[in-house]
Amino acid sequence: MTDLSHPIFARLYPRLDAGCAKAGGDACRAELLAGASGRVVEVGAGYGANFRHYPPEVTEVVAVEPEPRLRAKAAHAADRAPVPITVRPGLAEDLDLDDASFDVAVASLVLCSVRDPIRALAELRRVLKPGGELRYYEHVRGSTPGKVRFQRYADVLWPFFAAGCHVTRPTSEWIAGSGFTVRGERRFEFPEPSRANPASPHVLGIAVRD
């Protein structure tokens, strides 16, 4: 199975993300991809929001997206991208890609929603060359007891409205424990104000395949 259909989410997400982009999300995506080079695999590419931020040093992007409506939008975005991008179906947990064939892997607001994030990270490590980079921009579990408690309550219903997205995942810890060495990482709240938003804790970083 390479398709996961979420028709309502697929219609709403580009509109919601456009608001986040104006609030600073575009700057986060640009920071995520700055300095990337060579051959790139991007999992959970969505509607292609990252595509216009790829620098010219990137020679090719293979973008994997399981939601068919978002994938169609991503294909249109790929036509306008500054680098060559191929959009294809697939799941992050089961990549139909060769071992050690990419210089960079990109996970952007996707590890919160994959069904098996540990397996997805193992797949990303598998397709990366030794020393290759995992670039990640994700919302994650909070850092205070009050925020974590709020997230746990929210996570009862949140996945049903957000295409399987979970707000309590300790993604940074999972990355560090999956055969990667974190080279740099910053944590921040986005968007502001964040008190009433269970998905506000974010992390943006680069890890290197051991």
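**Reading a predicted model**

His202 is found in strand E7, which spans residues 201–209. The model discussed here is predicted.

Q: Is His202 buried or exposed?

A: A residue is called buried when its relative accessible area is under 20%. His202 has a relative accessibility of 6%, and therefore counts as buried.

Q: Which residues does His202 touch, beyond those up to four places away in sequence?

A: Contact is a matter of heavy atoms within 4.5 Å. With residues up to four places away set aside, His202 touches Leu109, Tyr137, Glu138, His139, Val140, Arg186, Arg187, Phe188 and Phe190.

Q: Where does Arg135 lie, and why does Arg135 count as buried or exposed?

A: Arg135 belongs to strand E5, residues 128–139. Arg135 counts as buried because its relative accessibility is 3%. The Arg135 side chain makes a polar contact of 2.9 Å with the side chain of Glu133. Apart from neighbours within four places in sequence, the contacts of Arg135 include Glu31, Leu32, Leu33, Ala34, Gly35 and Ala36. Val104, Ala105, Val106 and Ala107 are also among the residues in contact with Arg135, as are Gly205 and Ile206.

Q: What is the case of Arg39, in accessibility and in polar contact?

A: The class between buried and exposed is called partly exposed. Arg39 lies in strand E1, residues 38–43, and counts as partly exposed at 27% relative accessibility. Its side chain makes a polar contact with the side chain of Glu60, at 2.7 Å. Glu60 is also one of the residues in contact with Arg39 once neighbours within four places in sequence are left aside; the others are Thr59, Val62, Ser101, Phe102, Asp103 and Val104. Thr86 is 47 residues from Arg39 along the chain, and the two C-alpha atoms are separated by 12 Å.

Q: How many salt bridges does a search of the whole structure find?

A: Side chains of opposite charge can pair when their charged atoms come close. A search of the whole structure finds 13 salt bridges. One of them joins the side chains of Arg52 and Asp26, at 2.2 Å from N to O. Arg52 is in the loop between E1 and strand E2 (58–64) and Asp26 is in helix H1 (residues 7–33), so the pair ties together parts 26 residues apart in sequence. Arg52 counts as exposed at 55% relative accessibility, whereas Asp26 is partly exposed at 22%.

Q: Which parts of the chain does the pair of Arg126 and Asp99 tie together?

A: The side chains of Arg126 and Asp99 meet in a salt bridge of 2.5 Å, N to O. Arg126 lies in helix H3 (residues 117–127), and Asp99 in the loop between strand E3 (85–88) and strand E4 (102–108), so the pair ties together parts 27 residues apart in sequence. Asp99 is exposed, with a relative accessible area of 52%, while Arg126 is partly exposed at 24%.

Q: What does Glu173 form with Arg141?

A: Glu173 forms a salt bridge with Arg141, and the closest N and O atoms are 3.2 Å apart. This pair links distant parts of the chain, 32 residues apart: Glu173 is in helix H6 (residues 171–176), and Arg141 is in the loop between E5 and H4. Glu173 counts as exposed at 52% relative accessibility, and Arg141 is partly exposed at 29%.

Q: Which residues do salt bridges that share partners join into one network?

A: Salt bridges that share partners join Asp99, Glu123 and Arg126 into one network.

Q: Which residues form a nonpolar patch on the surface?

A: Val156, Leu157, Phe160 and Phe161 form the patch, with about 520 Å² of accessible area together. Leu157 lies in the loop between helix H4 (145–154) and helix H5 (158–161), and counts as exposed at 52% relative accessibility.

Methods. Residues numbered from 1 in each chain as written. Predicted model: local features only at pLDDT ≥ 70, side-chain atom pairs only at ≥ 80, totals over all residues. Heavy atoms only, no water. Helix = DSSP H or I, 4+ residues; strand = E, 2+ residues; numbered from the N terminus. Buried < 20%, exposed > 50% of the residue type's maximum accessible area, 1.4 Å probe, protein only. Polar contact = N/O pair within 3.5 Å; in protein donor to acceptor, adjacent residues only side chain to side chain. Patch = residues over 30% accessible without salt bridge, like charges linked within 9 Å, V, L, I, M, F, W, Y side chains within 5 Å. Areas by Shrake-Rupley, 256 points an atom, 1.4 Å probe, with all protein chains shown as cover. Salt bridge = Lys/Arg side-chain N within 4 Å of Asp/Glu carboxyl O.
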